[in-house]
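I opened the model to look up a few spots. Notes below, in the order I took them.

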Amino acid sequence: MNQTLASGTVDLAGSWALQDHGGDHACAMAVPGDAISALVTAGLAPEPYFADNEYDLRWIAERDWVMSRNVTLTDTDVELVISGLDCVAEVHWNGQQVLSAANAFRHYRVNLRELAKIGENTVQIYLRSPVARAAEAQARQPFFVPYAAQNCPIPHGNMLRKPACDYGWDWNIALAPIGLYGDIRLEPASRPRVADLRIAQRHDQGQVTLTVSGRVAHARGDHVVVAVCGQEVKGQIADGSFTATIEIENPVLWWPAGQGPQALHDLTITAGGATTTRRIGLRHVELDTSTDAAGSRFAFRINGREVFAKGANWIPADALAGRISRDGVRDLLQSAVDAHMNMIRVWGGGRYEPDWFYDFCDEMGLMVWQDFMFACNLYPSTPEFLAEVEAEVAENVARLAHHPSITLWCGDNELVGALTWFPESRENRDRYLVSYDRLNRCIETALKRVEPDALWWPSSPCPGPLDFGDSWHSDGSGDMHFWSVWHEGRDFDHYRDVSPRFCSEFGFQSYPSMDVIRGFADEKDWNIASPVFESHQKNKGGNARIAETMFRYFRWPERFEDFVWLSQIQQALAIKTAVTHWRSLKPHCMGTLYWQLNDTWPVCSWSSLDHGGGWKMLHYQAQRFFAPLTVVAVPEAESYRLVGVNDGAEPVHLTVTARAVNMANQIRDLGKGTALVGGASETLLTIDRSAVRPDELLTFIWETPEGQRGGDHFAPRPYKAYDLPAPNLQTEVNGNAITLSAENLALFVSLEADQPGRFSTNAFTVFPGYPQTVTFIPRDPTAKVRFTVRDLHTATMASRKDPR
């Protein structure tokens, strides 16, 4: 949001002094920023992401610290405005405490009129140890409140209102950072200011009615003017509050990516001498949870049109907030859109993102499933804790609700399941269930008080309101988290054993790309059993599970680089299996959000984007399996079905041609099918299983009358069962265009570059006689780039040698 600021505002961002309580360590600190990054920049701490340095840096969170700076004032009628203060802190102005804070997710406004002075002033922020304060808070509880120790090596993170993953996660470094990540500024205390703004929309047959209400602090005058879409209405301010209604005929609506334009409109409110602007989108969102034969639906409708949600889960862009940049976040979100995603889930163990994050989502057409910040732990329900939660929810809903990208508010991540994870809650379920219900009702009540029309979902996963069923294995209603393939070591085909209505979490791990590995590990540590590499694998048994699965599907690669690459191919196949099958069930299933989009640091994880934004092979595959128009292979007991899927608004005629190809490049026709594909998936062609011989792959191409084309292959057996011939790939490089041709079938042909950038496609098939041209888009257009090529044969069947 954009607040028009008059003169007199003093921005306190910039360089501050940082010192620990004992005076042993002192340095400059950039604000916004975090204390760990400041110490690293000053040379007082090693780079936390390199090798296993993490374990030598946890002392930072175990100490108290103080940030300080001087401020010169010419006016004492000022208010201090702070956001993103992490976490337990006291703010002192000229030696006097003016604020005691304990919530990294809140915003604060403090009047300094009695303490500010003309000339030089001193501001100090005492940052208390989040380790010590969390332990103290646990000790004050009327009964022990369990936390997810398997994820969090630093204990009791559930006691403080800061990102849960700061205490560690099965993909995150555990450093419990502290700092100030948002704004800190002084504003004239008596300046008129619009507050508590709410914008309600009512859509009705070609007309949108906007109702704008709010409050004006220090109002000068008694009228309000609301302007949007070339229209303007006036209203009255009464007792500091106002309401104005404006009707928009034939509105230009906001649509999710792939459904229509992302039309945005500036809504300007001028009231009592204050002016503020919100950029809004005109859209109507519904969640269909109606009952049916299978249970109940979970389908989003935008502007009356059902939209299949395609996307991933979002975690913080970096483990250290001081390292997060707008450009970096924009790049991550743009990568989501470029892979045909239309939704991200802001996961409940991270943070409510800053305003500009949601601005990006508005512009890009990314719907946002917004969790409230509670994840995988149990939480207190004392009056003091709930009061803090109530304020947190109210502030963030008021801040974000006007964004058209905000589609759903969800109470938490996996807290219902967490009731069964701890011996304390299993032995006294009633106590912990009642405690959870108090927290969940507090969140819902605060949300509805601020935004009565908001879509609310109590928890994820969840079969429905007040239903505490098993949404990890039951697939008939609500949203599902399906983790049996990864955590239980099941085959990829197990994804086809469930038919979720909406799967909001599922995933499979891979290793980060080699350029990322080179950044945290010396070559001597390029072994998944080395202490350095194990320190970058936070999921217990994760390395063994990757390796065991690889034995199941592939012949073993000899070179470490090929092993890393093949882990990404394996990950892509896992998620492709899930997504293509569940898309084939449309409209029974209406959403798939895989875990996870991004990484917080260089780590072995479930992400499709490396730390730093590079595309893993999964993301290139997502660009294909999330395509708005596609054909997918569905294996069944006696047949293979080729199913057309169309996410567009209009039905499309699809024709598919199927062939079998063996390792000697012999091709046989298997049939052709055509169907009109609209909002529901349609079977185009059914092929008997016996029609595909043991040494053959099923291949297919599809096309529309307008000339749109695509294709894929399906392997009936594990790839290790096929005696792949040497493809004898040939490459021709012309600038940043690479043309590849093959004498024999080449599977999962992948390009790597020694410079940051992105390929137009990757992990593709090259058939003999059908060259493929790929374009590389470097981040630095002037960079000279060298390319490496990998494919399944050279990675797993050729003798030890460097790839071409």
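Ground rules. Helices (H or I, at least four residues) and strands (E, at least two) are DSSP runs, numbered from the N terminus. This is a predicted model, so I note that local features need pLDDT of at least 70 and side-chain atom pairs count only at pLDDT 80 or more, while totals for chains, interfaces and linings use all residues. Residues are numbered from 1 along each chain as its sequence is written, and side-chain values use heavy atoms, with hydrogens and water left out.

Entry 1, Asp 64. I found Asp 64 in the loop between helix H1 (35-41) and strand E6 (65-73). Is Asp 64 buried or exposed? Its relative accessible area is 17%, and buried means under 20%, exposed over 50%, partly exposed in between (1.4 Å probe, protein chains only), so Asp 64 goes down as buried. I then listed contacts, meaning heavy atoms within 4.5 Å. Leaving aside neighbours within four places in sequence, Asp 64 is in contact with Asp 20, His 21, Leu 127, Arg 128, Ser 129 and Arg 133. With Arg 128 there is also a polar contact, side chain to side chain, at 3.5 Å. For that term I use a pair of N or O atoms within 3.5 Å; within protein, one must be able to donate a hydrogen and the other to accept it, and residues adjacent in sequence count only if both atoms are side-chain atoms.

Trp 314 sits in strand E27 (residues 309-314) and is buried at 1% relative accessibility. Which side chain does the side chain of Trp 314 make a polar contact with? I got Glu 353, at 2.9 Å. Beyond four places in sequence, Trp 314 touches residues including Val 329, Leu 332, Trp 347, Phe 357 and Leu 597.

Of the 9 residues in helix H14 (residues 617-625), 8 are buried. Among them are Met 617, His 619, Gln 621 and Phe 625. What covers the buried residues of H14 includes helix H3 (326-338), helix H13 (560-584) and strand E44 (746-753).

I pair rings of Phe, Tyr and Trp (its six-membered ring) if their centres lie within 6.5 Å; planes under 30 degrees apart count as stacked, over 60 as edge-to-face and the rest as tilted. By this rule the count is 49 aromatic pairs. Tyr 594 and Phe 626 have ring centres 6.2 Å apart and planes at 5°, so I marked the pair as stacked. Tyr 594 is in strand E34 and Phe 626 in the loop between H14 and strand E35 (629-635), so this pair links distant parts of the chain, 32 residues apart. Both Tyr 594 and Phe 626 are buried. I also logged one aromatic cluster that includes Tyr 511, Trp 526, Trp 556 and Phe 563.

Thr 796 lies in helix H15 (residues 792-796) and counts as buried at 12% relative accessibility. Its side chain reaches the backbone oxygen of Leu 792 at 2.6 Å. Thr 796 also touches Arg 555, Trp 556, Pro 557 and Leu 566, with residues up to four places away in sequence not counted.
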